[in-house]
Every structure is written in structure tokens, then in C-alpha cells.
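Hi there,

Here is the structure I promised to pass on to you. Have a look at it first, and my notes follow below.

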Amino acid sequence: MRAEARFFKSLSDETRLKILWLLSGTEELCVCDIIDVLGITQSKASRHLRHLYHLGWVTDRRDGLWMNYRLAVTPNSPREKLLKLLEEILAPQPEAQALRGQLAHILEAKQGSLCAKRLKPDRQRSPRSLPET
Amino acid sequence: MKKEAQLFKSLADETRLKMLWLLMGREELCVCDIMGVLGTTQSKVSRHLRYLYHLGWVTDRRDGVWMNYRLSVAPGSPEDKQLKLLAEILSSRPEAQALRDRLEQWLAAKGQGKDAAACQCS
């Protein structure tokens, strides 16, 4: 039953819980979005996202300098049921709703551009021409 | 959202998960029953049970030298929903079923006063 304990451990950290909550409200998020909404450092966000990645909660997609993450849950899996439970528990909470509101605000301001404000000016104009790293 | 993370943390430890699973199958269990079934020390069992007690998962009842514990989650509460999900996940696991079987054997042996289960709780 160690696997099950590890499974619940994914949600036993406040930051990971918040990250999953944000991801379950949208299709895909850039690490920079999560950094902005939660007000945490890039290293902390990336560490937790890698944790979730290795446990199979999310898949990643590189886009220039940044990594994007989305939930990877199969229908009717224990994971999906746990996410639904999380959704059910958090939905009535003002703190959780405020986080989603903040995310919507940040995404709207960004309007589909890459995490422009974190890139250098020349990169901001043509983010697609970033050298492959 | 710290409280929710803490709730999930209750289930993030293998021993606590097993204890909750055992308690879910019975009305009340003595610390010695859990020790017998899980094969762990009294200090480890008691430590985890106190943890669960302080988070409101269980209530306790003293009976002589032993403490008895039972689940105390309100129907429809987040804790209750987590337990239901846990039950759903574990009910198909042979390891979890084996634990429940071992508990039944243990309690039956205790009922017959066999030495193997000789803790002096009623």
C-alpha cells in the first residue's frame, strides 16, 4: 500500500495542491504563470512540477525557454477521482477561488504571448526565433 | 489551503493509511489490535493514532491500560470523502484485503483467549 500512500502524498504539500488546483482549471500552464500566481520562485515551482511529472500527474512541453505543463489523467482513474475530490473540497473556498481569479487575470494580461516580461527585449519581439537550448 | 494539504498528508503515510483502512472495517479497535495486525511497535502505532486524533480523524476511549480508537468523521465532510475514495482504491488491492483478513483472524483468536492475541483488552 506504499503506492497509495505516495499517491496521496502528491497532495500533501500546499504548493503542489495549489499547482494541481490551477492546472485543473485550465488546459495548459507555463511555469511562469504558476510563478506569478503563487508568488514563488522558479526553482520551487519547477521542483514541484517535476515531482508531479515523475509521479505521472502532468506532462510537459517545452516552448522556448519555458516549460509548459498540463494534467495527464485518464478518465475514471484513481488520479481523476482524487482531482474531482480536490475540486469538490476547494471550489467553495474563497482562497481557492481567488487563486483561479488571479490566474485568469494574468493570462488575460499575457494574451497568448510567451512569458514576455521575463525575456530580453529582442527576444520579446520574436520569441519563436529563440535558439534551441 | 494549508488545511487541505494537511488532510491529504494524513493519508500520505503507509502506516496511517493502513490504520485508517483497518478502522474503516470495524467500529472500534484497540491499539493492541493494530499492533498485532500490522506487526509494529506500540510506540509507532500510538504516535500515528495521536496524529490522527489531533487532526480529528479518530476519537479515543480508554479501557484499562489500553486505548481504543474509532473513526470520527462527519458524513459528507472532506475527511469522509477522502476515506470513501481510499476505500474505493484499496478494495481492489489484494494487499489491503489480506490486511482485513488478518484483522478478522486476530480478533477471532482474541475472542478465544489464545495466547497469540493476549493483550488484556476486552
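The buried residues of H2 in chain A are Arg16(A), Leu17(A), Lys18(A), Ile19(A), Leu20(A), Trp21(A), Leu22(A) and Leu23(A). That makes 8 of the 10 residues in this helix, which runs over residues 14-23, so H2(A) is largely enclosed by the rest of the structure. Please keep in mind that this is a predicted model.

Another part of chain A that I looked at is the packing of two helices. Helix H3 of chain A (residues 31-38) and H6(A) pack at an angle of about 130°, and their axes are 9 Å apart. On the H3(A) side, the contact is made by Asp33(A), Asp36(A) and Val37(A), while H6(A) brings in Leu99(A), Gln102(A), Leu103(A), Ile106(A) and Leu107(A). Sorted by class, this contact has 5 nonpolar, 1 polar and 2 charged residues. As a reminder for when you look at such helices, an α-helix has 3.6 residues a turn, so residues three or four places apart point the same way.

Now to where the two chains meet. Chain A and chain B each put 21 residues into the contact. On the side of chain A that touches chain B, the elements giving two or more residues are helix H1 (2-9), H2, helix H5 (78-90) and helix H6 (94-110) of chain A. Which of them gives the most to that side? It is H5(A), with 7 residues. By class, the residues on this side of chain A divide into 11 nonpolar, 1 polar and 9 charged. You will notice that H2(A) and H6(A) turn up here again, among the elements that face chain B.

Finally, some notes on chain B as a whole. Chain B has 6 helices and 3 strands, and along the sequence they follow the pattern α-α-β-α-α-β-β-α-α. The radius of gyration of chain B is 14 Å, close to the 14 Å that the globule rule gives for 122 residues, so chain B is as compact as a globular protein of that length. Its C-alpha trace spans about 45 × 30 × 25 Å along the principal axes. Of the 122 residues in chain B, 30% count as buried. Among the contacts in chain B between residues at least 6 apart in sequence, 60% join residues at least 24 apart.

Best wishes

Key. Residues numbered from 1 in each chain as written. Chains lettered and ligands numbered in written order. Predicted model: local features only at pLDDT ≥ 70, side-chain atom pairs only at ≥ 80, totals over all residues. Buried ≥ 20, exposed ≤ 12 C-beta atoms within 10 Å, placed from the backbone. Helix = DSSP H or I, 4+ residues; strand = E, 2+ residues; numbered from the N terminus. Rg over C-alpha atoms; globule rule 2.2 N^0.38 Å. Contact = placed C-beta atoms within 7 Å. Nonpolar A, V, L, I, M, F, W, Y, C, P; charged D, E, K, R; others polar. Axes fitted to C-alpha atoms, helices over the stretch in contact; angles between N-to-C directions.
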